[in-house]
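Here is my note on the model you sent. Keep the structure open while you read, and find each residue as it comes up.

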Amino acid sequence: MSDPSAPMGVVLGSRDSTPLDFWIGVRTADLHLDDLVVASSHTQDGQEVRFYGIVEEVVKRHEGAQFDSDAFRVRDGTLPAELSYIGHVRVTRVEPEYFFPPTPGDPVSIIRGEEVQQALYFDDMERRVPIGLTRTGLPVYADLDFLDGTRGAHASISGVSGVATKTSYATFLLYALFHSNALGRDATNAKALIFNVKGEDLLWLDRPNVLLDERSRAAYQTLELPVGAFRSVGLFAPPRKGSNSLVPAVGGRQEGIAPYVWTMRDVAEQRLLRFTFAGAEDTRAQLSMVVERVERELSKAAQQGRQDPWVVLENAAGRTWKVGDLSDLLTTLEEGLLEEWTQSMRTAPGTVDAFLRRLHGAAARMGHLIRSDSEAAKKKLSWSEQQVTVIDLHTLHSDAQMFVVGSVLKRLMEEKEGKGTAKPQVFVVLDELNKYAPREGWSPIHETLLDIAERGRSLGVCLLGAQQTASEVERRVVANAAIKVVGRLDPAEAQRAEYRFMTPTTRNRATILKPGTMIVAQPQIPTPIVLTFPFPSWATRQSEALPPTAQADLFGHAED
């Protein structure tokens, strides 16, 4: 416990003091932003009340100086002045809960150890997840109840691309979840789906990082996390475009990566055609109706046929077409079948032309993902056999990325609904959320992500969404995130309404954060916390990856 008899400062009487915030004066100690302090006050009947808080602003000035140039005279000793060193404290907890203002002159001490747990409510978290370190190297925790759906779910991570380390922090959160004791017995069965949209950084999660230094190792030890790579990882990448073989389209890493494709029967049975139009700007209702009609006819044909990777379509005159990919579908529809299907809908010719034009573009951009050969039927994306599944998208066209994300998430939600239970938990990491769930416009992926944000909690699906600008993401997706994380922000973005959970000082500070420093807000703690997270102990590029044969020698049993 801190020693009130030797305080580092006192509550000021020259500034307003309230039950929720107050100012303190300091004389002999350094006071920093993010310091945790406690003010000891007393009620009228003599009962001690302790006001715990975080220093969110620090100010120095000369008292007695009038002009800017007086600073030189004070330094030279020709003008008497007193140095005023004060800090503003935002209260996080009051024990016991007597909400009256602390009294000017009350002693204030910086706290350490067990009192930190109390000041930030860590002592009330039955299942806590380590999420980083304070400036002084103390562990910071999040309540798992607000991630796994017990009392809340989802996390929103915002920040400037390349500087805010959004994806790095999302993977660190996963590592902490799966390698701490927070999930308990559920840890073995819990799953994670990571969509890799930038480079090949996430294709090395199963390899330890050879560049990890002793300081970072000590940070993992402080957080009670093992040092090493993710224990159970499955890596998937699309096949190379223009190749008949199913060779994954990756460069740096070749081994341990499986290709993924869909068959035309998958598209028909699961009604995935809508996701080939997910990137279309034209969202007119009639175009959506045409898409739904074609999906319905494809689904009907798939139910009547055998379990071949293709489907057979038939018109009213009895003519049949064997459809194995998007090009086949386009040809079939152009030969009169689409006109026959839409005749009763009184669809405008321009809408039919728009549909065919979009489908033609989709066939060119993502046609290699939908195939009818025998090998394609065996190359299905599966996340049941490993804990972490990385789905590489970075070589795909933006529209093809939309198709993959939408198809996978739709299947995930349908599987969870079919089981009727929230266990096992599934954590979904998706970057560029502002592209998949934009505030303006509509797409099938938009609806799927909104469904995850609003119903995922009850189904055991947690979205760890990352974006450069939360102001451009669907409001309900951001609002449903129980935990909000901010890295470096653009100054204009920092002033948007989506960041009002931060104080003005913290918002200004977010514009100068260094990589690896984040601001985290969670429901149980009344003010955001600035923290750092350690350098990844798993490889993020080929040059950091330890060969599998050398892992045991360097890391011993750290990954066991």
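**Notes on the predicted model**

1. Start with Pro96. This residue lies in the loop between strand E5 (82-95) and strand E6 (107-110). Look at the bond just before it. A cis peptide bond joins Glu95 and Pro96, with omega at about -15°. Keep in mind that this is a predicted model.

2. Now go to Pro424. It sits in the loop between helix H9 (398-419) and strand E18 (426-430). The peptide bond from Lys423 to Pro424 is cis, and its omega is near 0°. Why point these bonds out? Because most peptide bonds are trans.

3. Next, check the backbone angle phi. Most residues other than glycine have a negative phi. Asp34 is not a glycine, yet its phi is positive, about 80°. Find Asp34 in the loop between strand E2 (21-26) and strand E3 (36-42).

4. Tyr121 also deserves a look. Its phi is positive, about 65°, although Tyr121 is not a glycine. The residue lies in the loop between helix H2 (114-119) and strand E7 (128-133). Is Tyr121 buried or exposed? Buried means under 20% relative accessible area. Tyr121 has 17% relative accessibility, so it counts as buried.

5. Step back to the whole chain. How many helices and strands does the chain have? There are 15 helices and 22 strands. The C-alpha atoms fill a box of roughly 100 × 60 × 50 Å along the principal axes.

6. Consider burial and surface. Of the 560 residues in the chain, 54% are buried. The accessible surface comes to about 24800 Å². Carbon and sulfur atoms account for 47% of that surface.

7. Contacts reach along the sequence. Take the contacts between residues at least 6 apart in sequence: 73% of them join residues at least 24 apart.

8. Charges come next. The chain has 62 positive and 73 negative charges. Their mean positions are 4 Å apart.

9. Finish with the largest pocket. It holds about 920 Å³ of space. Which residues are closest to its centre? They are Thr165, Ser168, Phe533, Phe535 and Pro536, out of 35 lining residues. Helix H3 (166-179), strand E10 (191-196) and helix H4 (214-222) are the elements that give two or more residues to the lining. H3 gives the most, with four residues.

Technical notes
Residues numbered from 1 in each chain as written. Predicted model: local features only at pLDDT ≥ 70, side-chain atom pairs only at ≥ 80, totals over all residues. Heavy atoms only, no water. Buried < 20%, exposed > 50% of the residue type's maximum accessible area, 1.4 Å probe, protein only. Contact = heavy atoms within 4.5 Å. Areas by Shrake-Rupley, 256 points an atom, 1.4 Å probe, with all protein chains shown as cover. Lys, Arg positive; Asp, Glu negative; His and termini not counted. Charge placed at Lys NZ, Arg CZ, Asp CG, Glu CD. 1 Å grid on protein atoms, 1.4 Å probe; cavity = no way out; pocket = protein on both sides within 12 Å on 5 of 7 lines; lining within 4 Å. Points joined across faces, edges and corners; volume = space filled by probe spheres on them.
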